[in-house]
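Here is a short note for a colleague who is opening this structure for the first time. Please read it with the model on screen, point by point.

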Amino acid sequence: MRWKTVPAFMRGDWRSRAVAVAQVATGFVALVGLLGMLTRNPLLLLGFSAVQGLLLVGLVLFILVAIFAQRTFVLEEYDPGEVIFQEGDTGELARYVYVVKSGEVEVIVRTPDGSHTAINRLTVGDHFGEMALLRHAPRSATIRTLTAVEVFKMSPSNFTALYTALPGFRQHLTRIMEERVVGDSTRARRSS
Amino acid sequence: MSPAREAYRWGSALDWSIVLTVALCILILALIVASRILFRRRQTDGTVLWLHLLALGIFPLFLLAFGNFAVLEYATQEQFCATCHRTMQVYVNDMLAVRSTSLAARHFQDRFSPGTSCYACHADYGIHGTLEAKLSGLKDVFKYYTGTYRPQLHMPRPYSNTLCLKCHDGARRFMAEDVHLGVGGTVSGELVSNETACIECHKPAHRIKITANGRAAG
């Protein structure tokens, strides 16, 4: 577990690393403070006072992440077989748009008889997740990774800004969405 | 202090600051763990940023305030001074001894400053005195835990009369003694200027013995 987690952590984007460092710094101070207060050990109590500067480190890193998190792409990594999002997902997290940076994912939908079937595969350069955002609807399919995958995740506000500001981008997406809706329903009918 | 007495005394600013500090530490740790488990790989999503705001932004600010208050206030307690057993225990034992006639014991028995007897007589008046006492205490703790102190403890400088006068100046029994007074019925200039030390007449401050190897013994 550990050897697998560490490399993933090292490969993650800087915002995730910044959050992790902030959490370690703040958590360390909280832990020393907790132990100091419970044991009343003078060394721990003075240590708690001495390491409080780390709280400032955590605060500054959090502010940086909060400023930049919603403005740019976030790189996320998934192992093979992981679900990026589920069909029917709602809420803010179900409104992000993804672009595949490396690897391959499959698009899975629920058929009328309740079983699940893969109807498409997406690879480097393909995007997914925009339908739920643009239609203000729940996720229309489940996305599961077939290989180790890196995806760029775009926040809803960032995507909407691009979508409204760039007519060419809008037309391209509209065409792809229409093709997908037709293609997906055809494939779903065949597989059921 | 017995548990029963501690129970009826519970509720001071120190007690509350310790409870709040412990609660804040637990909350911060719980939120960090929760965000790592519930939002794995989504540490920069909009929803989890609210958790981060609490765990890394708001609660730590309160922790700074309550935590520092608790540490500074706890450092004034007798039990904090007594944690340096090898050096301080003999002084604390003398202070607690019912039959001792040392200044420390008499002040303690009169409940002059309940719970903070050491600090009350060894910290100068005002914020300056508090800061100086904390810095000095920090050095003492460092020396104690690194074993770099000398066995026979000594005051960093002669005990100042102002430490006595901060409480006794103006007290009826003190002012009733002519020897304490100077011209105009105010405190003698000799005492104010430390020409005559209070403990020259009111010794010993602590009744301890110094052993052959230079260590203090009760």
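1. First, the terms. Helices are DSSP runs of H or I with at least four residues, strands are runs of E with at least two, and both are numbered from the N terminus. The model is a predicted one. On that basis, chain A has seven helices and eight strands.

2. Chain A overall. The chain holds 192 residues, and 41% of them count as buried. Its accessible surface is about 9900 Å². Carbon and sulfur atoms account for 63% of that surface. Take the contacts in chain A between residues at least 6 apart in sequence: 72% of them join residues at least 24 apart.

3. Chain B overall. Here the count is 12 helices and two strands. Of the 218 residues in chain B, 36% count as buried. The accessible surface comes to about 13300 Å², with 64% belonging to carbon and sulfur atoms. For contacts in chain B with a separation of 6 or more, 58% come from residues 24 or more positions apart.

4. The open sheet of chain A. Four strands line up in the order E2-E7-E4-E5, with antiparallel pairing. Which strands stand at the edges? They are E2 (83-85) and E5 (116-122) of chain A. Each has a single partner strand, so one side of each is left without a neighbour in the sheet. Neighbouring strands of this sheet are turned by 30° against each other on average, with direction ignored.

5. Pairs within that sheet. E2(A) and E7(A) run antiparallel and are joined by two bridges. A:Phe85 has A:Ile143 in E7(A) as its bridge partner. E4(A), residues 105-110, is joined to E5(A) by six bridges, again antiparallel. There, A:Glu106 stands opposite A:Arg121 in E5(A).

6. The hairpin. E4(A) and E5(A) form a hairpin with five residues between the strands. A:Gly114 in this hairpin takes a positive phi near 95°.

7. Pairings of E3(A). What does strand E3 (residues 97-102) of chain A pair with over five bridges? The partner is strand E8 (residues 149-154) of chain A, in the antiparallel sense. In this pair, A:Ser102 has A:Glu150 in E8(A) as its bridge partner. E3(A) is also joined to strand E6 (residues 127-128) of chain A, by two bridges and antiparallel. A:Val99 stands opposite A:His127 in E6(A).

8. Helix against helix, across the chains. Two packed helices are described by the angle between their axes and the distance between the axes. The axes of H2(A) and helix H2 (residues 13-38) of chain B come within 9 Å and cross at roughly 145°. The crossing is left-handed. On the H2(A) side, the contact residues include A:Val19, A:Gln23, A:Ala30, A:Leu34 and A:Leu38. On the H2(B) side, they include B:Ile18, B:Val22, B:Ile26, B:Leu29 and B:Arg36. By type, the residues of this contact of H2(A) with H2(B) divide into 14 nonpolar, six polar and one charged.

9. Phi of A:Arg40 is near 55°, positive in a residue other than glycine. A:Arg40 lies in the loop between helix H2 (14-39) and helix H3 (42-50) of chain A. A:His136 is not a glycine either, and has a positive phi of about 50°. A:His136 sits in the loop between helix H5 (130-135) and strand E7 (142-145) of chain A.

10. How open are those two residues? A:Arg40 counts as partly exposed because its relative accessibility is 30%. A:His136 counts as exposed, because its value is 69%.

11. A cis peptide bond. Where is the bond with omega near 0°? It runs from B:Lys203 to B:Pro204 and is cis. B:Pro204 is in the loop between helix H12 (198-201) and strand E1 (209-210) of chain B.

Methods:
Residues numbered from 1 in each chain as written. Chains lettered and ligands numbered in written order. Predicted model: local features only at pLDDT ≥ 70, side-chain atom pairs only at ≥ 80, totals over all residues. Heavy atoms only, no water. Buried < 20%, exposed > 50% of the residue type's maximum accessible area, 1.4 Å probe, protein only. Axes fitted to C-alpha atoms, helices over the stretch in contact; angles between N-to-C directions. Left-handed = near helix turned anticlockwise from the far one by under 90°. Contact = heavy atoms within 4.5 Å. Nonpolar A, V, L, I, M, F, W, Y, C, P; charged D, E, K, R; others polar. Pairing = 2+ DSSP bridges. Areas by Shrake-Rupley, 256 points an atom, 1.4 Å probe, with all protein chains shown as cover.
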